[in-house]
Amino acid sequence: MRFSERWLAEWVEHGWDRETLVHRLTMAGLEVEGTEYLGQGLDKVLVGVIEACEQHPNADRLSLCRVDAGEGQTRSIVCGATNMGPGDRVPVAIPGATLPNGMKIKKSKLRGETSEGMLCSETELGLAEESAGLMILPEDAPVGTPVRDYLDLDDTVVELDLTPNRGDCLSVAGIAREVAALSDQPLVGPPLGPVAPSSGAKREVQLEAGADCPRYLGRVVQGVAAGRETPFWMRERLRRCGVRPVSLLVDVTNYVMLELGQPLHAFDNRRLAGDIRVRHAAAGEPVTLLDGSAVELEAGALVVADDAGVQAVAGVMGAQGSAVDEETEEVFLEAAHFRPGALAGRARKLGLHTDASHRFERGVDPHLPVIAMERATALLMEIAGGIPGPVTEALNEADLPQRPVIPFRPARADARLGTELGADAMGDAFRRLSFETEEEGEEWEVVPPSYRFDLALEADLIEEVARLHGYDRLPTARLAGSMEPHAGLETDVQDRPLRQALVDRGYREVITYSFVDPDTVGRLDPEAEPLALANPLSREQSVMRPDLFAGLLETAAANRARQNHRLRLFELGRVFPRIGGEIQQRDAVGGLLAGPVDPPHWDGRRRAADFFDGKGDVEALLRRAGVGADRAEFRAEAHPALHPGQTARVLVNGEPAGWVGTLHPSVAEGLEVDACTVLYQLDLETLRAHAGDVPRYQAVPRLPVTHRDLAVVVPEEVTAAALQEPLAEGLEGGPLALVDWRIFDVYTGKGVEEGFKSIGLSLTLQPREETPTDAQIEAAVSELVDRLAARGGATLRS
């Protein structure tokens, strides 16, 4: 919110200098983001009158003007503008002036003619972003007067960074209320009395959505001169508050919005048909807005309509069909109160953000439309004339926001703030803030004014006391308290070790939004029903993520677009899957692998990451989480986002705990990520429930191990997991123990019957008591082979 210091001074005489004003506002919670002094560099810019204007003898597009700037001499100035003539009063920058844009003015020659200054436009004076020619001043502008004084530019614009709960300060009047309370000075402001009707012209209003619009005021003003130019003082105040002047009727409504905080809208009354109806839109109902965009409204959107259709999206923007222009002669002014919840997110869904929606979404005083209507009528008649009709009001009083009665304990406030202000000081603070207070006993009853939508609890009132007292004046004290260290168990599954395990394996952590694109979720799982947000930031962030895959894949796509193909990404965060028809909140860790396993090497050999690399990383996470290999299982199953045949469900003690697999080629193409991208995700809550394995000491074997390699032939459908079960039992009793086994080769082709495959196994045998004989070793290997044959259909390859 930007405001002019001079405009504020018309509302309250605080008596502070600029630095004090900025400090007090900031210490009251209205943080000042910056200030801008408008008169900088204009001390040598004077009001001048053009006495003669001739064609430049050496340039077709230049003029040679003789100008009197009240210095007792006539200056010759070369000018490139075309909108001036003899008798016009214009700003003249004399030699020695430095304009706001940094331009230094000095005596010079242009195309052979001496130029002793510069005639200025609004742009060159810093008063507008663009201008079509010189700034022509009124005929009564006193020649020789500094432009800074004549245009009242000895002013400072203050910009506030308001928090969303302080919508009551989105106006000069709202800021003045705060300053008046802080300085304990009366609030003055301009006269805001009623304007008596002079005609019977009116238009009826029907509230068909009274809960969302409990108050709507309308007024017909006939005979307005809409083509008149907006007065300079009004245009300047709009500009200083960051609003671009448009036309007289629009400028008046914007001026009242900035002054009082109530958005208004002006319809061309002759373009309306029948009664005004505030209702909800039908699904797909069309409307063309003032900015030219044609939109189809959602069902339930609040609109202002007449018999011909929608004439405005309530609280957001009007429609082109009833827009005012310079030919307008009859105006229908609108001032209404819209429920903030009914408008929340509506502008964003239309791709808009207007000053009106910004205020209505935060809450506007429900009693303000009455005052704003009279103020707008008075300004309109003062500038453009007109005959006002009576104010038509439609009111659902029961649906207006109710002012809460909040209990307050002064002693509690002092205890929370660490102060000794006492009840009298707090009562005085509430009086200055216009709170209604019943100060009886130790517990008061406080009723905030109707424009303070943010106050509902005792803590809110304590904050008001702190604000008015000044945050910088609150006592400071070091926090004191006992600290008891938490003795965690070794079996606890902590986030940090999991992160470190993945970082040690070459991963980089990413943090993505919990809000994701529903189209991406649909590609990954067409049957997913993610939780939709009621008020999304955008369509691309409109549902809660059911898993971590969407964020990881969007990150991978962004890296791929930047020619970064070797990726090792992981994220640890919350997901919101629908389980058994109910949305749940779960902690998960997920990872993504893409591109070569190793960085480039001079020998040129590079292998792309595959399913087994991802499976190995998942096994490392399970080990770090305390889940032993004997309790983890990788079972081949189908996942809609993953490649069939290269996907496994991860189970821990038979309970589903996650997925690992290669991304389906069609999904990879649609999301613009590399083919053969590997994804995995583990549910941390499942791991925490089944964790328990911790490293245990084992004595160093006294005897050396014995290695044996063998090849067995099994049917092609037999998996490594099927071989694990008989081998995991080891060798009970006997002189040898099976301490490790690994697959070192898988072969199909010549020498192996079709439908079968040869698997090479490397066995590690540990003697128990004494060095084994060859016969004992062969007997142990034979026992393992027999077990594989009995349970996996394996035979020794000849």
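1. Helices (H or I, at least four residues) and strands (E, at least two) are DSSP runs, numbered from the N terminus. This is a predicted model, in which local features need pLDDT of at least 70, side-chain atom pairs count only at pLDDT 80 or more, and totals for chains, interfaces and linings use all residues. Residues are numbered from 1 along each chain as its sequence is written.

2. Pockets are found on a 1 Å grid over the protein atoms alone: a pocket is an open set of points where a 1.4 Å probe fits, with protein on both sides within 12 Å along at least five of seven lines, and lining residues have an atom within 4 Å of a point. A volume is the space filled by probe spheres set on the points, which are joined across faces, edges and corners.

3. The largest pocket has a volume of about 1900 Å³. Its lining comprises 48 residues, with Lys 615, Glu 619, Ala 720, Ala 721 and Gln 724 nearest its centre. Elements giving two or more residues to this lining include helix 17 (611-624) and helix 20 (720-728). Helix 17 supplies the largest share of the lining, 9 residues.

4. The second largest pocket holds about 980 Å³ of space. Of its 36 lining residues, Glu 122, Ala 128, Glu 130, Arg 235 and Pro 245 lie nearest its centre. Helix 5 (232-240) and helix 6 (248-260) are the elements that give two or more residues to the lining of this second largest pocket; helix 5 gives the most, with 4 residues.

Methods. Heavy atoms only, no water.
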